[in-house]
Amino acid sequence: MSDCLIIGGGIIGMLTAWELQSAGMRVTLIERRETGRESSWAGGGIVSPLYPWRYADSVTALAGWSQSHYADLARSLTQGSGIDPEYTQNGLLILQPGDEKRATAWAKETGQTLQLLNGHETRECEPALSAVAETAVWMPQVAQIRNPRLAKATRLAIAPLVKIIEDAEVTELLIRDGGITGIKTAGDHFEADRVVVCAGAWSGRLLQAMPVVPDISPVRGQMILFKGQPGDVSRIVLHENRYVIPRRDGRVLVGSTLEHSDFKKTTSSAARDELKKYAIQHFPALEGAEIEHHWAGLRPGSPHGIPYIGPVPEIQGLYVNSGHYRNGVVLAPASARLMADVILEREPILDPRPYALDAPRED
Ligand SMILES: Cc1cc2nc3c(=O)[nH]c(=O)nc-3n(C[C@H](O)[C@H](O)[C@H](O)COP(=O)(O)OP(=O)(O)OC[C@H]3O[C@@H](n4cnc5c(N)ncnc54)[C@H](O)[C@@H]3O)c2cc1C
């Protein structure tokens, strides 16, 4: 019998499992399909919220903690797995955000490095950019990580430490006398008096019958991938909620749509054309590059993107770590550590109250 079951093998579930195991717990992670193949695979891997000054302090707090630990995490994953997740600090250039004053004030308050650039400086910062911006916000310390590799490396690093069961969909939470006793899958059941739901966009559905249900629903995002050349793009560039992310090998990701949707990961030619047009408009060098891939993923949407990290009220031993919306990759290390702090009743890295299931969610 395990001390704790984790439901869902995305980046949140895997890092939560790792944190609890590191504290001495026997942990089993149960994944419906393959670990790290849903939202954590589909995303862009920007290690920052987009327009970070527009988020609630509770999101900024998680992001800040994670950002200060990401380089070490990437190093230890590379050592532990042999896979380099390509943590790369190549900066975030935000064209014409329109609320530069708010951005500057936020940076001062939070100690983030943020500069305002004029048109000339913007071109100097990213020479491949066509002349589209008169002003920009430049955040040189923002990093990216190659998220499919992050997920693969994490799986390999935790595999000797955590029992991982794949192709096993959790169909029922077993509750007796106000406490969790285990879970059921299609062909089996597992006992434990602690269970953490990390099922991404599917978490709300799994917790539907609970006394307090987190407001988590799928928000589809489509992305395209250009097979570019190194140097075609060198910064992460964000404009009007769309972004371009250059990988080290010259590949360039362009995303992403925001579609309040069902659970289908369908793609559309309209989105593909729109993302392609956006990319070429900003980076004419991509004109002749092949589009290698086009996909969709389901973000775990939540009110204001504030994740739920905490116990399910009235159900002893049942916890949730989910609802990270557009920022699950950046927020994952802090969310996993905080979840473990709460479960183990340790001194928490951050005040857990804003993430409680019944906390009011405000901008
Ligand atoms: C297009 C796009 C771009 C993004 N870009 C970024 C970015 O640049 N930076 C950033 O920080 N974030 C980004 N995100 C958001 C980020 O990817 C998510 O917030 C994060 O991956 C959520 O992780 P998760 O582990 O909660 O969910 P997931 O990765 O979806 O994992 C949940 C897992 O639970 C499993 N599961 C579900 N139900 C069950 C069940 N009943 N039984 C067993 N297992 C179950 C699923 O199969 C899945 O593997 C992006 C997302 C998308 C879609």
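## Ligand shell

Of the 39 residues around the ligand, those that come nearest are Glu31, Ser40, Ile46, Tyr325 and Val330; a residue is near a molecule if one of its heavy atoms lies within 4 Å of it. The model is a predicted one, in which local features need pLDDT of at least 70 and side-chain atom pairs count only at pLDDT 80 or more, while totals for chains, interfaces and linings use all residues. Residues are numbered from 1 along each chain as its sequence is written, and side-chain values use heavy atoms, with hydrogens and water left out.

By class, the shell around the ligand has 18 nonpolar, 15 polar and six charged residues. Here Ala, Val, Leu, Ile, Met, Phe, Trp, Tyr, Cys and Pro count as nonpolar, Asp, Glu, Lys and Arg as charged, and the others, Gly among them, as polar.

## Backbone contacts and cover

Polar contacts are pairs of N or O atoms within 3.5 Å. A polar backbone atom of glycine 45 is 3.1 Å from an oxygen atom of the ligand, and one of isoleucine 12 is 3.2 Å from a ligand oxygen atom. For asparagine 327, a backbone N or O atom lies 3.4 Å from an oxygen atom of the ligand.

On its own the ligand has 1000 Å² of accessible area, and the protein covers 98% of this (Shrake-Rupley method, 1.4 Å probe). Two or more residues of the shell around the ligand come from each of helix H1 (11-22), helix H2 (39-42), strand E11 (217-227), strand E16 (290-301) and helix H9 (328-344). Helices (H or I, at least four residues) and strands (E, at least two) are DSSP runs, numbered from the N terminus.

## Backbone geometry in loops

Most residues other than glycine have a negative phi, and most peptide bonds are trans. The peptide bond from glycine 255 to serine 256 is cis, with omega near -20°. Serine 256 sits in the loop between strand E14 (251-255) and strand E15 (259-260).

Asparagine 241 has a positive phi of about 70° and belongs to the loop between strand E12 (236-239) and strand E13 (242-246). Histidine 304 also has a positive phi, near 55°, and is placed in the loop between E16 and strand E17 (308-311). Asparagine 241 is partly exposed at a relative accessible area of 33%, and histidine 304 is partly exposed at 38%. Buried means under 20% relative accessible area, exposed over 50%, and partly exposed in between (1.4 Å probe, protein chains only).

## Second largest pocket

On a 1 Å grid over the protein atoms alone, a pocket is an open set of points with protein on both sides within 12 Å along at least five of seven lines, a cavity is a set where a 1.4 Å probe fits but cannot get out, and lining residues have an atom within 4 Å of a point. The second largest pocket holds about 440 Å³ of space, where a volume is the space filled by probe spheres set on the points.

Its lining has 19 residues, with Arg37, Trp41, Pro148, Arg149 and Lys152 nearest the centre of the pocket. Helix H6 (147-158), E14 and E16 each supply at least two lining residues, and H6 gives the largest share, five residues. By class, six of the lining residues are nonpolar, four polar and nine charged.

## Cavity

There is one cavity of 30 Å³ or more. The largest cavity has a volume of about 60 Å³, and its lining includes Ser48, Pro49, Trp106 and Met139. Helix H3 (residues 57-81) gives the most to this lining, with four residues. The lining of the largest cavity has six nonpolar, five polar and no charged residues.

Notes. Polar contact = N/O pair within 3.5 Å; in protein donor to acceptor, adjacent residues only side chain to side chain.
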